[in-house]
Amino acid sequence: MSSKKHFETEAIRNQMERSQFSEHSTPLYLTSSFVFDDAEDMRASFAEEKDKNLYSRFTNPNTTEFVNKMVAMENAESGYAFATGMAAIFSTFGALLESGDHIVSCRSVFGSTHTLFTKYLPKWNITNTYFKVDEADQIESLIQPNTKILYAETPTNPAVDILDLELLGKIAKKHNILLVIDNCFATPYLQKPIDFGADIVVHSATKLIDGQGRVLGGVVVGREELVREIYLFSRNTGPAMSPFNAWILSKSLETLAVRVDKHCDNALKVAEFLETHENVNRVKYPFLKSHPQYEVAKKQMKRGGNIIAFEVKGGVSAGRNFLNKIKICSLSANLGDTRTIVTHPASTTHSKLSEADRLEVSITDGLVRISVGLEHIDDIINDLYQALNT
Ligand SMILES: *Cc1c(COP(=O)(O)O)cnc(C)c1O
């Protein structure tokens, strides 16, 4: 796109055509279907000879506006929006994989993605092999003749490890397989996986893209012919994003850059504070020099993001104790909200895993994950300080 504008401008000005009312801000098109002028208009529209909305399970002006922005912001060719991040991820596999296909994935993936790999995809004879974050040099040996997709998240959840996107892009290209990246933790403002060779980027828009803890959403962007298949899969199976959520999320994108910048300002300060605290063992934040993949993070991310993992000294009971003393921050399952959120994965999201399985994804007993919000930095740090000290 030669007329492409800067990131912030695309997020604000990549707007649908105004209606006859000349509204400034995009209106909400709460309509399940659309009308046609005559039989020929209807035939041509269904035959896709015309670019018209037919039914909101397929497309709607609000979802199209949201998707167009995401496509521009991720340097993608095309995209499609879903009800949730998991709907986006499942539809990607459903559309692009056949029975007998194989996925190579990093073990550190979102919990429901892990369940898809291990419980549901095998029902359709789609198998997967995991590599650990520090085993990226072994990926090529895991690729089989039936491998179709190389899959990863970076930064990972909840351990905030970094995978080298350039390396993954090169491996996928060499073996002629698709690289699918979950870019949820970074957002396109901090990281554009397509620039490193990703074919498809998936997102939970529920997180930083909404950024205000209001709506669920998901989006897939990437190469045109692949997105087309994913769109057709969704059109027939029905996990489309609602127009209302698209309207909210398109508005959210207008402030993504300023919000994420502030999240990063706050997160770096929190990470630096934690690193100096005597009751904290180990702090993982991509833009701290102590992060094991600091150089890779610097190469592929504009800034460090808003998620920090750290270890409270004293194991599970110390982790739980810390959470119980938190006063301002929230104990919640979400992330990427304006509100700072703390979670203790070993006793909550990953409690069903054995200790050995938790360690596979770097979740130690005292690990705490913080999604740093937009409250005043002094209040966030004071809250963490009193919870660590008492
Ligand atoms: C939350 C999340 C998802 C799933 O998104 P939903 O919108 O909750 O379905 C997928 N990947 C990552 C990395 C997430 O954090």
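A: Start with serine 204: a polar atom of its side chain lies 2.8 Å from an oxygen atom of the ligand. This is a polar contact, meaning a pair of N or O atoms within 3.5 Å. Threonine 206 has a side-chain N or O atom 2.6 Å from a ligand oxygen. For lysine 207, a side-chain N or O atom is 2.7 Å from an oxygen atom of the ligand. The protein buries 92% of the 380 Å² that the ligand exposes when taken alone. Such areas come from the Shrake-Rupley method with a 1.4 Å probe.

A word on the source: this is a predicted model, where local features need pLDDT of at least 70, side-chain atom pairs count only at pLDDT 80 or more, and totals for chains, interfaces and linings use all residues. Residues are numbered from 1 along each chain as its sequence is written, and side-chain values use heavy atoms, with hydrogens and water left out.

Now step back to the wider surroundings. There are 13 residues around the ligand. Gly85, Asp182, Ser204, Thr206 and Lys207 come nearest.

Helix H4 covers residues 85–96. Helices here are DSSP runs (H or I, at least four residues), and strands are runs of E (at least two), numbered from the N terminus. The contact between H4 and H9 is made on the H4 side by residues including Phe90 and Leu96. On the H9 side, Leu226, Glu229, Ile230 and Phe233 take part. Contact means heavy atoms within 4.5 Å.

Note on methods
Axes fitted to C-alpha atoms, helices over the stretch in contact; angles between N-to-C directions. Near = heavy atom within 4 Å. Polar contact = N/O pair within 3.5 Å; in protein donor to acceptor, adjacent residues only side chain to side chain.
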